[in-house]
Amino acid sequence: MLGKLAGWEDTIVAVATPPGVGAIGVIRVSGSKAFEIVGKLFPSKDLGVQASHTMHVGLLKEGEETLDEVVVGLFRVGRSFTGEDVIEISCHGSPYILGRVVQALAKGGARLAKAGEFTQRAFLNGRLDLAQAEAVADVIASNTAASARTALHTMRGGFSRELRELRERLISFSALIELELDFSQEDVEFADRTALYRLIAEAETMTAALLASFRLGNVIRNGVSVAIVGKPNAGKSTLLNALLNENRAIVSEIAGTTRDTIEEMLNIDGVLFRLIDTAGIREHTSDVIEQIGVGRSLEKMEQADIVVYLFDVSTEDAGAVGGMREELVRKGKNFLLVGNKMDAVDAGGHTTGGQGYSGGQGEGGQSFSEGRDAGGRGSAGDGGGTRAAGALDAGKDLSGETAAGGGLRGQVSGVRAVVRFPEEVLISAREVRHIDVLKQRLVDLVLRGAAAGEGTIVTNARHYHALQLIASSLGVIRQGLDELLPGDLLALDIRHCLHYLGEITGEITTEDRLDYIFSKFCIGK
């Protein structure tokens with residue numbers, strides 16, 4: 001297959017740095033004629049006799065025209081990224097100069113590289129397997145510490161090592177089973193079925209863990225969309241500004257200020273959140289523009305990974321909040337109920353703007369003060385054992401007084417506040433109170449106890465699909481062992497599993513699949 005790839009023997013060239021003006025621009029040349037082609041433009045030294053992994057300063061010239069003063073880095077075949085002779089030319093970062101140098105190299109015999117062709121050659125030359133090669137693009141696209149760490153782990157071969165070890169053990173068993181076929185009349189058994197049972201059990205455990213990691217991997221790679229929804233004047237734009245720590249959205253006392261959605265990215269503990277500030281939702285409005293905004297808000301609410309329902313604790317009663325909670329649960333949404341404007345509540349548990357937000361039997365009787373620990377978790381109420389939302393007490397007095405509705409109500413510096421639902425958090429967006437707690441609750445909701453550590457986390461949908469097939473094929477092998485299938489059928493089932501493992505690492509692939517995978521890379525990589 002490798003010899004049939006179009007242009008496989010060409011020497012290729014491309015700019016490896018991003019487009020635009022910069023201090024330095026790097027041009028990469030790879031192929032059997034790299035030293036010959038670059039050497040014609042670099043009269044300062046004879047590059048053909050220089051050692052690998054050395055740098056050389058000199059003028060790059062086409063005829064009598066000086067193109068630039070450059071630094072040339074040399075990487076010999078077998079010791080380069082692609083496995084071929086590679087030269088990297090560091091020029092001044094002028095798009096014009098970079099274009100002229102590439103033009104001169106192309107005139108000398110190099111071909112312009114296709115997207116991802118350098119990494120494709122690294123794969124085809126055995127420098128990387130396919131999973132590692134795909135991780136190169138993920139490293140380049142990483143925008144958080146977690147995504148960079150996960151991609152680097154895969155690029156360094158962590159994921160591939162796990163699969164390779166499993167594949168080698170399965171191949172060993174398959175070979176022994178197939179050997180039995182040559183002695184079928186002797187009724188001998190070379191492959192220990194008990195050991196194969198153990199291997200299948202280990203493989204199923206590993207595959208299940210990798211499949212389970214994909215939910216976290218998808219979050220790390222693509223981020224999480226969070227729709228901030230609620231009634232007009234609940235403080236949604238103020239909350240967006242508080243989360244971002246900047247005045248991104250216009251804020252006023254006039255209800256319905258936000259007419260369209262506003263989207264911004266926020267990195268919290270290595271997880272990328274796409275925050276969406278929406279127009280206030282109210283049932284009856286004669287304003288045509290506001291109606292369009294409300295429609296878009298409902299649409300974003302349906303599409304979001306997480307819904308933050310923001311309500312004004314001074315005006316919205318428990319029934320309305322409970323009704324929204326029931327709707328979100330019915331739709332299967334991940335959500336938080338965020339009570340805003342705690343600054344409007346006075347020390348008596350009443351409000352300055354209307355009916356007090358008090359009492360009410362919560363789910364399991366849970367009512368919690370603003371805080372217990374940094375994770376925003378409180379203790380269970382007297383009606384059940386579920387842990388509920390709260391915020392920081394920061395060493396303040398928590399009286400533990402029982403609320404009128406049966407829940408546990410805490411007192412924070414004389415201000416009484418009740419939390420009735422496990423998903424509820426109390427904040428003051430205007431005073432930026434307990435915003436850190438809300439951020440932690442968002443992260444907890446995404447990770448659900450998982451951690452983006454140093455282990456393998458599956459982020460690639462192609463890998464996930466192949467792992468599903470591997471899990472299915474392992475089940476078939478186990479069933480075959482249970483049913484005492486003959487060796488030839490058992491060996492066939494093992495070969496199916498080996499095929500799916502090979503699809504991830506690239507032992508089993510096609511030219512069309514390779515072209516599709518590497519076409520998603522940037523030019524010059």
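Predicted model: local features only at pLDDT ≥ 70, side-chain atom pairs only at ≥ 80, totals over all residues.
Local features are reported only where pLDDT is at least 70 and side-chain atom pairs only at pLDDT 80 or more, whereas totals for chains, interfaces and linings use all residues. Residues are numbered from 1 along each chain as its sequence is written, and side-chain values use heavy atoms, with hydrogens and water left out.

The protein contains 14 helices and 15 strands; these are DSSP runs numbered from the N terminus, a helix being H or I over at least four residues and a strand being E over at least two. Of its 525 residues, 49% are buried. Here buried denotes a relative accessible area under 20%, exposed one over 50%, and partly exposed a value in between, with a 1.4 Å probe and protein chains only. Among contacts (heavy atoms within 4.5 Å) between residues at least 6 apart in sequence, 65% join residues at least 24 apart.

Side chains of opposite charge can pair when their charged atoms come close.

R28 belongs to strand β2 (residues 22–30) and E88 to strand β5 (residues 86–93), so the pair ties together parts that are 60 residues apart in sequence. R28 is buried, at 10% relative accessible area, while E88 is partly exposed at 23%.

A further salt bridge is formed by K107 and E62, whose closest N and O atoms are 3.4 Å apart. This pair links distant parts of the chain, since K107 lies in helix α2 (residues 95–107) and E62 in strand β3 (residues 54–62), 45 residues apart. K107 is exposed, with 63% relative accessibility, whereas E62 is buried at 19%.

R111 and E117 also form a salt bridge, their closest N and O atoms being 2.7 Å apart. R111 is partly exposed, with a relative accessible area of 22%, and E117 is buried at 4% relative accessibility. Both residues belong to a network of salt bridges that links D10, E84, R111, E117 and R121.

Methods: Salt bridge = Lys/Arg side-chain N within 4 Å of Asp/Glu carboxyl O.
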